[in-house]
Amino acid sequence: MGLLGEILDAALEIVAPTRCAGCDLPGELLCERCRRDLPLVELQGACPSCGAPFGRIVCTECWERRYGFAQAVAACSLERPMSRLITLYKDGAERRLAPVLGAELTKAIRDSGWADWPSALVPIPATPAAIRRRGFDHISSVVATVAASLGVPALGALESSGARDLRGLGREERSVATASAFRLICADVPPRVLVIDDVFTTGSTLNAAADLLLASGAGEVRVAVLARSW
Ligand SMILES: [Zn+2]
Ligand SMILES: [Zn+2]
């Protein structure tokens, strides 16, 4: 960091002191207690198909569901303080959380034994409307830090094809709306793609991305997310 960067950082620290994204304690972006309290998914017990916690033996969601992606892993379940970290990061209040969130994702990928597997990391792109509203593409920034840690290239292979506000839609409506959610914007799709998103809810969005990548030449697609909504 240059001198100007240091001065700006010091000034910012006076105007808006760093607070824990989990509990507002001043001092660091994620305090010791909140880091300890992260609702980490126990990978040995998680559903190998969708990453749901405690789903290895019976994941009811996967009983009646087959995804295009082969496997999914979630770093945490969508509970506090992770849910709060994601919200603060996404709404732009604390963009410096990108490497903090990226570190949790990197750890989950490593713990799954996937660190050497991907040919590329592909972020789920935000819709143009969401990027305009937030002023940044939140997942791409997280993926950049994961890519640097793992030494795997990040590839912006997908573009959102527009409206994709799924709030309020039922499961059936969601899958129709997501089927055409993405466009491919890279020339060559690498063989082993790890798709990355913030939250896995129904899996429809991730599935649409996986289907498109597989139809465009990927041999296998896996999924890693910050949090599984369960
Ligand atoms: Zn805290
Ligand atoms: Zn499952």
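**Ground rules**

This is a predicted model, where local features need pLDDT of at least 70, side-chain atom pairs count only at pLDDT 80 or more, and totals for chains, interfaces and linings use all residues. Residues are numbered from 1 along each chain as its sequence is written, chains are lettered from A and ligands numbered from 1 in the order in which they are written, and side-chain values use heavy atoms, with hydrogens and water left out.

**Overall shape**

The protein has nine helices and six strands; helices (H or I, at least four residues) and strands (E, at least two) are DSSP runs, numbered from the N terminus. Its radius of gyration is 18 Å, close to the 17 Å that the globule rule gives for 230 residues, so the protein is as compact as a globular protein of that length. That radius is taken over C-alpha atoms, and the rule is 2.2 Å times the number of residues to the power 0.38. Along the principal axes, the C-alpha trace spans about 50 × 40 × 40 Å.

Buried residues make up 49% of the 230. Here buried means under 20% relative accessible area, exposed means over 50%, and partly exposed is in between (1.4 Å probe, protein chains only). Of the contacts with a separation of 6 or more, 73% come from residues 24 or more positions apart; a contact means heavy atoms within 4.5 Å.

There are two domains, domain 1 (1-37) and domain 2 (40-228), with bounds that come from an automatic or database domain assignment. Their centres, taken over C-alpha atoms, are separated by 27 Å. Across the boundary, 12 residues of domain 1 are in contact with 10 residues of domain 2.

Donors are N, O and S atoms within 2.8 Å of the metal (3.2 Å for Na, K and Ca); water is not among the atoms, so sites may look incomplete.

| Zinc ion | Protein donors | Distance | Spacing |
|---|---|---|---|
| ligand 1 | Cys20 (SG), Cys23 (SG), Cys31 (SG), Cys34 (SG) | 2.3 Å | C-x2-C-x7-C-x2-C |
| ligand 2 | Cys47 (SG), Cys50 (SG), Cys59 (SG), Cys62 (SG) | 2.3 Å | C-x2-C-x8-C-x2-C |

Cys47 and Cys62 are both buried.

As for geometry, the four donor atoms around the zinc ion (ligand 1) subtend angles of 106 to 113°, which makes the arrangement tetrahedral. The zinc ion (ligand 2) also has a tetrahedral site, with angles of 102 to 115° among its four donor atoms. Four donors count as tetrahedral if all angles lie between 85 and 135 degrees.

**The nonpolar core**

The largest nonpolar core has 71 residues, and Phe69, Met82, Ile109, Ile196 and Leu213 touch the most other members. Such a core is a set of buried Ala, Val, Leu, Ile, Met, Phe, Trp, Tyr and Cys residues joined through side-chain atoms within 4.5 Å. Among the elements that give it two or more residues are strand 1 (71-77), helix 4 (82-90), helix 5 (98-111) and strand 5 (192-200). Domain 1 and domain 2 both give residues to this core, so it lies between them.

Leaving out residues up to four places away in sequence, Phe69 touches Ser49, Phe200, Gly203, Leu206, Asn207, Ala210, Val221, Arg222 and Val223.

**Residues worth a click**

Val193 sits in strand 5 and counts as buried at 0% relative accessibility. Not counting residues up to four places away in sequence, its contacts include Trp117, Leu213 and Glu220. Val193 and Glu220 are 27 residues apart in sequence, yet 6.4 Å apart in space, C-alpha to C-alpha.

Pro53 is in the loop between helix 2 and helix 3, and is buried with a relative accessible area of 7%. With residues up to four places away in sequence set aside, Pro53 touches Val41, Gly45, Ala46, Ser77, Arg228 and Trp230.

Another proline, Pro81, is found in the loop between strand 1 and helix 4. The peptide bond from Arg80 to Pro81 is cis, with omega near 0°.

Finally, Asp24 has a positive phi of about 75° although it is not a glycine. Asp24 lies in the loop between helix 1 (3-15) and helix 2, and at 36% relative accessibility it counts as partly exposed.

Terms used: Tetrahedral: all angles 85-135°; square planar, octahedral: opposite > 155°, others 65-115°.
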